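Let's take a friendly walk through this structure together. Have a look at the sequence and the model first, and then read on.

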Amino acid sequence: MIRQLQLGIRFTLVTMVMLGGGYHAALWAIGQAAFPSQAEGSLIRRADGIIVGSRLIAQKFTRPEYFQSRPSGVDYNAASTGGTNHGPSNPDHLKAVQERLDAVMTQENATASQVPSELVTASGGGLDPHLPPAAVELQAARVAAARNVPVERVRELIATHIEPPTLGFLGRARVNVLELNLALDEEFQ
Amino acid sequence: MSTEYVAVGVTILFTIATSLVLGRYMFKVFTGKRTLLDPLLLPIEKLVLRVTGVDPDEQQGWRQYSVSLLVSNIVMWLATFAIVSLQKVLPLNPDGIANMEPTLAFNTISSFTTNTNLQHYSGETGLSYFTQMFVITFLQFVTAATGVAACIAVIRGLAGNRLAQLGNFYVDMTRATVRVFLPLALVVGTILMWQGTPMTFEGAVHATTVEGQEQVIARGVVAPEVAIKQLGTNGGGYFGPNSTHPYENPTPLANFVESWSITIIPMAMVWTLGYMVSRRRLAVVIFATMLALYVPMVIFAVGQEAGGNPAIAAIGVDQSTGSTEGKEVRFGAGLSALWAVTTTVTSNGSVNAMHDSLTPLGGLMPLVGMWLNNIFGGVGVGFINMLIFVIVAVFVAGMMVGRTPEFLGKKVEGKEIKLASLALLWHPLAILAGTAVASYVWATTADPGTTLGWLKNPGAHGFSEMLYEFSSAAANNGSGFEGLGDNTPFWNISTGLVMLLSRYIPIIAPLALAGALAIKPAAPETSGTLRADSATFGFTLWAVIVILGLLMFMPVAVLGPIAEHLALMK
């Protein structure tokens, strides 16, 4: 039994060093050498070096001149993430969806059937950086009006930001909202 | 709609094809044959064994093998419990995370030493980088390796002819860790970093958003953990929302690689069995039986999620992309539903959509996956569960035709069936009794919503949340209907105990069974032998799994998800 215990302790120590230490060090080195930007979190910096956010992490947009992000169950808190965990029949869930829908319909001057459900339901992690193209196009007229630019030019900008499904079949077509908004600011000062 | 099925089909087919290669490789590793990776990995294996002080030629019977397994796991439990309880003062804690409270630490360490990865904490606020590396990721490797080792030993027992020994636990464990998980995890981790998963020792980022607000973005040593959480069917995520979080699962390609990682080793294990017992046809029959359970579940779940939520349809929004609450735009309904089924049949438990927000019947599929717990199953242990069902099916078929049941030429007798029954019946007992106790406590507490605060969702869905939690604990799965307020002493201790018992009973009982079968002489097959490698047997096995594995869960399925579904259809 003493021997069994010795083996257990020594095996735990050696594998802890190898996996907790060595394995992480190896992947860290690969990351630094090959993918330094991704390894630090795909951060976006302005010309003056200020970090605006991460291209993978949704942030909150409330002003009319910006496209709004996918609703978040945690108000875009990227330090404590999560979904709403609302079940499909939960009255609170249906109420929240109805409220978001009312807001979107007023804001975009749209009917309910024009509103893609992604725009009124919360994402899984609360930080979904994307919206489907239809949910972005719905906001184009409002954004164009707020910026005093022709809506066609906003639509053109959207079109260049649509990421198709990977290899044509994996995942969904989508638009990165933060990148689109940064492009808006650049295009229409 | 149709692209959903294409993506799902391609993912499954690609995983099956590659599992053939890996199954052959694992066979070579565990039988000491040469492989292409030997020059790289053999020195590491030898080093680990030498430092540990293992004599690689020493053989163990099922008792010694089980003792080694338990002792090593107890040592790991104690060491990692100490780390989480002291993480505040240990290094690599840039975000100043506090020590873990004792009942939560008990739950967390029991969860990770049992390969369950049920998480009653949230990674970004509850764990230091040191804990993520030396507790979580470390355990995700060695507990997966424990499962593989146990499975290999059981297979040796089944294949053995008057065999007193099942192998050496530490040799199997080291080989699984160093020569199976480590190279795969390095490759998967690298792909994930390429796609955008962070790997940094720097603390959280303080960003100033476009509209000028502060956004604190948690990050850390994410990629190494995500790789092994999938490959080891662990499932415990770096961040609270697991692989829905864009850092853990940044792109559809990352999602593809992670989906592949969840099932690749459990699938390969079936082929490894075929090689080890020299019966490829048996492996094909078992694999086909598993597919015949898995594929219908996937198709059904995709249909449910793509079909949307009737209550949302009634509100009038455009639901053409299916039910979207709790799902990420980049994956959509199809890949989310595929993942929900895959992660639960395999006892992985990671999620790429919030299961609590799945449609009622879409959410029933993960429950079914955990109730069966053997379709591919967790690395090692899931396949052990399947082998137990195979033995029971042999027994049932033997009784039906009036012959002495035999498996691989060996008589299956009372002792084996008793051990198999113990392993099989513990699972529903833990789930149903646990859910019953929780429901009783909820129902007899005055104003439970305020006093207990467990359930986020009312009615049938609230019942499903409790049912899901015990199913997940007993299946060593780790996913959750996360609306459950589970970080309370009741849930921490009850599910902690269920996880421990549900891990070790279904490992030790089959090891004993394998030990009992190993010493029996294998009789040559005759024309009167009931062949286990036939389509007829595959169908029998399928039926035994469905009837024995699912029927007793029928009442709770009706009380929870089916009741909610009918209410929504009204």
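In strand E5(A), Asn176(A) is the bridge partner of His130(A). Keep in mind as you explore that this is a predicted model.

That bridge belongs to a pairing between E3(A) and E5(A), which run antiparallel and are joined over two bridges. Helix H6 of chain A, residues 177–187, packs on the sheet and touches E3 and E5 of chain A. The direction of H6 of chain A makes about 60° with that of E5(A).

Now for the sheet as a whole. Three strands of chain A form an open sheet in the order E3-E5-E4, with antiparallel pairing. Which strands stand at the edges? They are E3 and E4 of chain A; each has a single partner strand, so one side of each is left without a neighbour in the sheet.

| Strand | Residues |
|---|---|
| E3(A) | residues 130–131 |
| E4(A) | residues 162–163 |
| E5(A) | residues 174–176 |

Next, zoom out to chain A. Its domain assignment gives domain 1 (2–38) and domain 2 (42–187). The C-alpha centres of these two domains of chain A lie 40 Å apart.

Finally, how do the chains meet? In chain B, 102 residues are in contact with 91 residues of chain A. Helix H7 of chain B (residues 169–195) gives the most to this side of chain B, with eight residues. By class, the side of chain B that touches chain A has 54 nonpolar, 35 polar and 13 charged residues.

Note on methods. Residues numbered from 1 in each chain as written. Chains lettered and ligands numbered in written order. Predicted model: local features only at pLDDT ≥ 70, side-chain atom pairs only at ≥ 80, totals over all residues. Contact = placed C-beta atoms within 7 Å. Helix = DSSP H or I, 4+ residues; strand = E, 2+ residues; numbered from the N terminus. Nonpolar A, V, L, I, M, F, W, Y, C, P; charged D, E, K, R; others polar. Domains from an automatic or database assignment. Pairing = 2+ DSSP bridges. Axes fitted to C-alpha atoms, helices over the stretch in contact; angles between N-to-C directions.
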